[in-house]
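Here are some friendly notes to read beside the model.

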Amino acid sequence: MKRKNYLTWDEYFMGVSVLSGLRSKDPGTQVGACIVSSDNKILSMGYNGFPSGCSDDEFPWEREGKELETKYPYVTHSELNAILNYRGGSLEGAKIYVSLFPCNECAKAIIQSGIRTVVYDSDKYADTDAVIASKRMLDAAGVRYYRYERTGRRIELEL
């Protein structure tokens, strides 16, 4: 008989998303994304960080201060990184797993890339203008989104 306690697709892909986020060097927020085809194949992954060629030792990680002295004008979000990292052509009909609900800028990229479903873990910024706008655009474009239902399963990795 086959094993019965194997990971569900949602557990697996959200796990990949969270693991990808651990690559982020952001001291405050580590966000990961995993894009999956309609037949459950991983197409791309991303995490929040600076663009290629921009040293994470030279650009700021601060959250507060003058705009150009904070991380915000420089960091690329995990969703956009995953979309830009994809080298295989169209993402039409794909699903994206993200550890944090996408902001309005990432929602634009998700919609334009053809991704049709967003599965998210945390929605801690639900009351912000960026997330309200994001949901408004996703709804208008017919992009489905739903919160990942945690199963309480604990997975340990020894690396």
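1. A word on naming to begin with: helices (H or I, at least four residues) and strands (E, at least two) are DSSP runs, numbered from the N terminus. By that naming, Ser-113 lies in helix H3. The model is a predicted one, in which local features need pLDDT of at least 70, side-chain atom pairs count only at pLDDT 80 or more, and totals for chains, interfaces and linings use all residues. Residues are numbered from 1 along each chain as its sequence is written, and side-chain values use heavy atoms, with hydrogens and water left out.

2. Let us start with the packing of H2 and H3. Helix H2 covers residues 78-85 and helix H3 residues 104-113; their axes are 8 Å apart and the packing angle is about 30°. This makes H2 roughly parallel to H3. Axes here are lines fitted to C-alpha atoms, for helices over the stretch in contact, and angles run from 0 to 180 degrees between N-to-C directions. Angles under 35 degrees count as roughly parallel, over 145 as roughly antiparallel, 65 to 115 as roughly perpendicular and the rest as oblique.

3. The crossing of H2 past H3 is left-handed. The term applies if the near helix is turned anticlockwise from the far one by less than a right angle, while clockwise gives right-handed. On the H2 side the contact (heavy atoms within 4.5 Å) is made by Glu-79, Leu-80 and Ile-83, and on the H3 side by Cys-106, Ala-109, Ile-110 and Ser-113. Five of the residues in this contact are nonpolar, one is polar and one is charged. For these classes, Ala, Val, Leu, Ile, Met, Phe, Trp, Tyr, Cys and Pro count as nonpolar, Asp, Glu, Lys and Arg as charged, and the others, Gly among them, as polar.

4. From H3, Asn-104, Ala-107, Lys-108, Ile-110 and Ile-111 take part, and from H4, Ala-130, Ala-133, Ser-134, Met-137, Leu-138 and Ala-141. The contact of H3 with H4 divides into eight nonpolar residues, two polar and one charged.

5. Which residues does Ser-113 contact beyond its neighbours within four places in sequence? They are Ile-83, Leu-91 and Glu-92. The C-alpha atoms of Ser-113 and Leu-91 are separated by 5.9 Å, although the two are 22 residues apart along the chain. Ser-113 has a relative accessible area of 17% and is buried; buried means under 20%, exposed over 50%, and partly exposed in between (1.4 Å probe, protein chains only). Its side chain also reaches the backbone oxygen of Ile-110 at 2.9 Å.

6. Ser-78, found in helix H2, is buried at 1% relative accessibility. Not counting residues up to four places away in sequence, Ser-78 touches Val-31, Gly-32, Ala-33, Gly-46, Tyr-47 and Asn-48. Ser-134 lies in helix H4, residues 129-141, and is buried with a relative accessible area of 0%. Leaving aside neighbours within four places in sequence, Ser-134 is in contact with Phe-101, Pro-102, Cys-103, Asn-104 and Ala-107.

7. What covers the buried residues of H2? The cover includes strand E1 (32-36), strand E2 (42-47), strand E3 (95-100) and H3. The buried residues in H2 are Ser-78, Glu-79, Asn-81, Ala-82 and Ile-83.

8. Is Lys-95 buried or partly exposed? Lys-95, in strand E3, counts as partly exposed at 23% relative accessibility. Not counting residues up to four places away in sequence, Lys-95 touches Cys-34, Ile-35, Val-36, Ile-115, Thr-117, Val-119 and Tyr-146.

9. Last, two loop residues. Asn-40 is found in the loop between E1 and E2; its phi is near 65°, a positive value in a residue other than glycine, and its relative accessible area of 24% makes Asn-40 partly exposed. Pro-27 sits in the loop between helix H1 (9-21) and E1, and is exposed with a relative accessible area of 63%.

How values were computed. A polar contact is a pair of N or O atoms within 3.5 Å; within protein, one must be able to donate a hydrogen and the other to accept it, and residues adjacent in sequence count only if both atoms are side-chain atoms.
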